[in-house]
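Please open the model in your viewer and keep the selection tool at hand, as this tour moves from one selection to the next and describes what is there.

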Amino acid sequence: MNFLHSDDVIIACSSGSNVNTAVSLIRISGFEDPSVFDSFFSMSMKSLKPRYAHYTNIVKDNEVIDSIVLTYFKGPNSYNGENILELGVHGNLLNIERIIKYFVEKAALRYADPGEFTYRALRNNKMTLSQVEGLDLFLNTTSNYGLKQGLSLLGGQLQHDYSDLFQHFLNHKSAVELSIDFLDDVGEEEANIQFNKTLKELNKSITTLYNRIIIDGVDLVNPEIVIVGQPNSGKSTLFNRLLNNKRAITSAIAGTTRDYLTEKIKIGDTYFTLVDTAGIRKTQDEIEEEGIRISFEKLQTAFYKILLINPFEFNVEEFEGFDLSVFDSILFTHNDLEGFTKAKDAILEKIGPIEPIQNSGPMGADLKSGPIEPNQSSGPMGADLKSGPIEPIQNSGPMGADLKSGPIEPIISIRNYNLLSDEVGDLKELVQSKYNIFISSNPIIMDRQKFEISNTYNQLQQYTDITKNQEDISIIGSELNILGDCISRLIGITSTDDVLQNIFKNFCIGK
Amino acid sequence: MDSKHFDILVIGGGHAGVEAVYIASQFKNLSIGLVTMPGVGIASAPCNPSIGGVGKGQVVRELDALGALTGILADKSGIQFRTLNESKGYAVQSTRVQIDKDLYSKNATEELLKIDNLEIIFEKVSDINKGSFYNVITDNAVYTSSKLIITVGTFLNGKLHTGEKQVEGGRVDAESSSSISRFFNEIKTISAKFKTGTPARIYADTVDYSLLEEQPSDDLVPTFHFRHEENQRFLPQKSCYLTRTNEKTLEIIRENKERSPMFNGQIKGVGARYCPSIEDKAYRYPDKNIHHVFVEPEGLDVPTVYPSGVSSSLPEEVQDAFLRTIDGLKDIKVQQYGYAVEYDVIDTTHLNYALEHQEHVGLYFAGQVNGTSGYEEAAAQGYIAGVNAALVLTKQEPLVLSRKDSYIGVMIEDLISNTRDEPYRLFTARSENRLFIREDNSVLRMHKYRKSLGLNSLTDQYNDRYLSYFQLIFNKLDTVFLGPEDGFFKKYDINVPRRTNISELLRMSQLDPIETLKKYLDYIGIDLPSSLIRTIAISTKYAGYIQRADQSYNKVSKLDDQKINYEKLLDSANISFECKQRIEKIKPQTFGQLKIIEGIRPATLAFVASNSL
């Protein structure tokens, strides 16, 4: 309900965002003049004609993110009576989220709450209530329909998981109430067993969801393939070879002020950003040094990391202290030259065997470097994390454990390449297969949900601590209600009736 | 025929009726009448002989601070005092008192007879109708009144079942009130009948107590009523005893399933899931054979005990057989077999916060006839109906207790917001604000409500004094700092790392806040009643948690207190027919109440929020 009196500019995907589709609709509503978005599009907002479709590009730092159809509805002649921009974008979920994220970060607007567009239509008398009811997506409420309503905004597996979470919460809350209102009936021992059992299940349920949001260690919304190597190792050649087979949506734009090149490349159904970095070497040149620093930085969040080694010119010292096992692929180039094998072996001997760290996934690097923190540098979530109530997640606890048994196995491929003649198709397959593995682990990529899940998870940690140190069940119950509020915001609200219903269904109550 | 006029007339002398007349008669200018069935004791206890319990103890203390009678009666008739949930935390601790049921009724009658502006009429009502006043007709007289409060319990079309035997009646020792049902044809009852049951009463001297686990009375449990000494006991104390059912017990019950009125279709009424008969337990939980049975004394001179946990409407010989399988009950003699009652209940969604019927001005309903169970729930409703009838007549604002600061408020709002599908009992789980709605601070919570009545009696003086002492000490605790070397810490061997104020000290997990405050006040030479010390200590201990919960709760319920005009909503073209029907039925007064109505669409809420608030 917090948006009832808000006049913020809001953005959301209006065409449903749980499956990939050809085209999706993103709406921005509530701005005064479209010219505030001038820098986001390749066309000038001045030439924007209300109610006409315009083919244009969304650009970010001179780079095309997507080609779209843009339509401007000038209020009051719009869906909700406000000025609205409708962006018909390519309907890949990640693409949609990337675009929305871009606007949220760079423009003065925020994510719309569920139903907020429609609420504004109602507020501006653009709709009658029965029309709104027909839309069936609305506020999170405490009415008994809250849960169903909340869930109807989702779909498929996620809905299932949230229902699961809800049930586990209900079970645990029931167990708490059982030990207060019905202690005489069930007895202390049974009440304790129920309490611990249901807390464990609730913990598991929330942690599972939580693990699906912190795959953010790599950026799946805007996945990058980063090529690193020393000068003359063949980076640019590989970059171009990969692009030769491209059906990329734009041509390469050489960075004039930066030290790396990027290009869109489509592998499977997904657009990746291919990044060619500055050659890595020891240097006195400040600008070059900065370029090298950026190369390493790019590497941190990259989805797929490629190291090129020209065994004839490789200088191990320049990689000193650097963990080579973070790379997904290490390619030895120039294998057509005489003495290749000998040179390669010499290097392998120097740098020692390159093996993935056992039992750690693609996030291995993060795990090693101490406390795992949500990606603080990106997204509205990051911003909130810094200022908000969410504390960095400690590196102990269930998460580490779960990751170990997680589905994502580390793979490092070491190959020899003749960059001038060898096919690079198998490299693309490796990228795609890693991507598929990530996606199959079913990450949650919607930022609003990520935020609420993270909130819920942190409150659960606090709650669990309190249950360990606190004997007062009424305090425990009160803290559990706070956890319930977090869950409510994620999925809809639990009523007392739900809890009592659950108790009566499962326990023999009554003297 | 005689005729007499009253300002307020109450029909039914049970727990609801008694509280209704007790509070109404405190408005000294009003004339109050209580019509009750001859031969049935006032405030009798036809089911379990106890007052209080989890959630209910809180209600009794709320009532006491509001100037009601239940707490006084429970103290004076108490033969066993216990604190339930003693190890569970202050907010959920509740007092329960086993009462001598004969003395309870006798004490109630005596208290009412003392009241000048109250007349008790022991006559059976034969008809009720409405002209310019409400007319209540008995065999002897016609009584008229401006306000009529109906508290007829299970007597509305009541029917009793024991095995195949069926009798018309509100309970075993009284005929039912079916003859007045003509009047009630106009009043909407809910479509399903409710059902409740009671166990057999057993002669106390036929129980073998050596096989049972004794639960003695606790001398330290504080009394309910503020003017009674803290641990005062008016009567000798008795113990309760615990025994259990076994495989054999349940086998007999399961074998006789087809003879159970509950399960062979003879009884169609809906019983409460939280208060199941032993048949319920046997059939619904086929794997569970051990159930607690509490053997509770019914009084000092009452020859029977109440076996709590085995209520039953099976035929008499089956009841005999299964009871005798239970440890300690092998040779028992039954005085009165268990039975079930089916009865009609009012559709409480037609009532407002004053428990007044929305289509019949001046007509109030309270107690079990509203579909609740429990003496305490009934008493609280009687109080609300009685006080509000009196407030209308004295031209004052109605008394509406918020669910945020009282269990009574929780119950009233729950009752009038939704149609019940089973008897309603208070659970602490029903409150969103459990850390605050406690027994210990009931005076703090009720003070403003009682004061608003303008009665200025002993209760008010006590409440005022309590509140002012509380505020004085409570607010001081933050400002008094003690260094780690302070004499107080030395004397009691308490280690604190640094300068600490008393509030912080009371919140330390390793210290008992009540004991610590007691010691400190003693150390500095301040003498306060221990109930007050307790309230101050617990309030301090919980303050942070309550604040946290409030913040979180307020986020989701910011608009709840906003008043809405439901009549305007009914005129709106923007609300669906279905929602209007529900709104019309419930007549919500606040946004919060609109929100908890079942089936109200979120879109309606959004519309109301945007257009009416």
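In this predicted model, begin by selecting helix α11 of chain B, residues 442–452, whose buried residues pack against α1 (15–24), α2 (56–65), α9 and α12 (458–476) of chain B. Following α11(B) you come to B:Gly454, which has a positive phi, near 70°.

Next, show α1(B) and α9(B) together. Two packed helices are described by the angle between their axes and the distance between the axes. Here the angle is about 35° and the axes are 7 Å apart, and the crossing of α1(B) and α9(B) is right-handed. On the side of α1(B), the contact is made by B:His15, B:Ala16, B:Glu19, B:Ala20, B:Ile23 and B:Ala24, while α9(B) contributes residues including B:Tyr375, B:Gly382, B:Tyr383 and B:Ala390.

In soluble globular proteins, nonpolar side chains tend to be buried together. The largest nonpolar core of this model has 155 residues, and among those with the most contacts inside it are B:Ile8, B:Leu112, B:Tyr383 and B:Leu517. Helix α9 of chain B, residues 375–393, gives the most to this core, with 11 residues. Apart from this core lies another, of 29 residues, among them A:Ile28, A:Ile96, A:Phe103 and A:Leu109.

Move to chain A and select helix α9, residues 286–301. At 1.5 Å a residue, its 16 residues should span 22 Å, and the end C-alpha atoms are 24 Å apart, which agrees. Which residues of α9(A) are buried? They are A:Gly291, A:Ile292, A:Ile294, A:Ser295, A:Lys298 and A:Leu299. Looking down the axis of α9(A), you will find these buried residues within an arc of 155°, so they line one face of the helix. They pack against β7 (224–229), β9 (270–276) and β10 (304–309) of chain A, whereas A:Glu286 and A:Gln300, on the other side of α9(A), are exposed.

Finally, select A:Glu479, which is placed in helix α16 of chain A, residues 473–491. Is A:Glu479 buried or exposed? A:Glu479 counts as buried because its relative accessibility is 0%. Leaving out residues up to four places away in sequence, A:Glu479 touches A:Gln459, A:Tyr463 and A:Ile466, together with B:Tyr545 and B:Arg548.

Methods:
Residues are numbered from 1 along each chain as its sequence is written. Chains are lettered from A and ligands numbered from 1 in the order in which they are written. This is a predicted model: local features need pLDDT of at least 70, side-chain atom pairs count only at pLDDT 80 or more; totals for chains, interfaces and linings use all residues. Side-chain values use heavy atoms; hydrogens and water are left out. A nonpolar core is a set of buried Ala, Val, Leu, Ile, Met, Phe, Trp, Tyr and Cys residues joined through side-chain atoms within 4.5 Å. Buried means under 20% relative accessible area, exposed over 50%, partly exposed in between (1.4 Å probe, protein chains only). Helices (H or I, at least four residues) and strands (E, at least two) are DSSP runs, numbered from the N terminus. The expected span of a helix is 1.5 Å times one less than its number of residues. The arc is that of the directions from the helix axis to the C-beta atoms. Contact means heavy atoms within 4.5 Å. Axes are lines fitted to C-alpha atoms, for helices over the stretch in contact, and angles run from 0 to 180 degrees between N-to-C directions. A crossing is left-handed if the near helix is turned anticlockwise from the far one by less than a right angle, and right-handed if clockwise.
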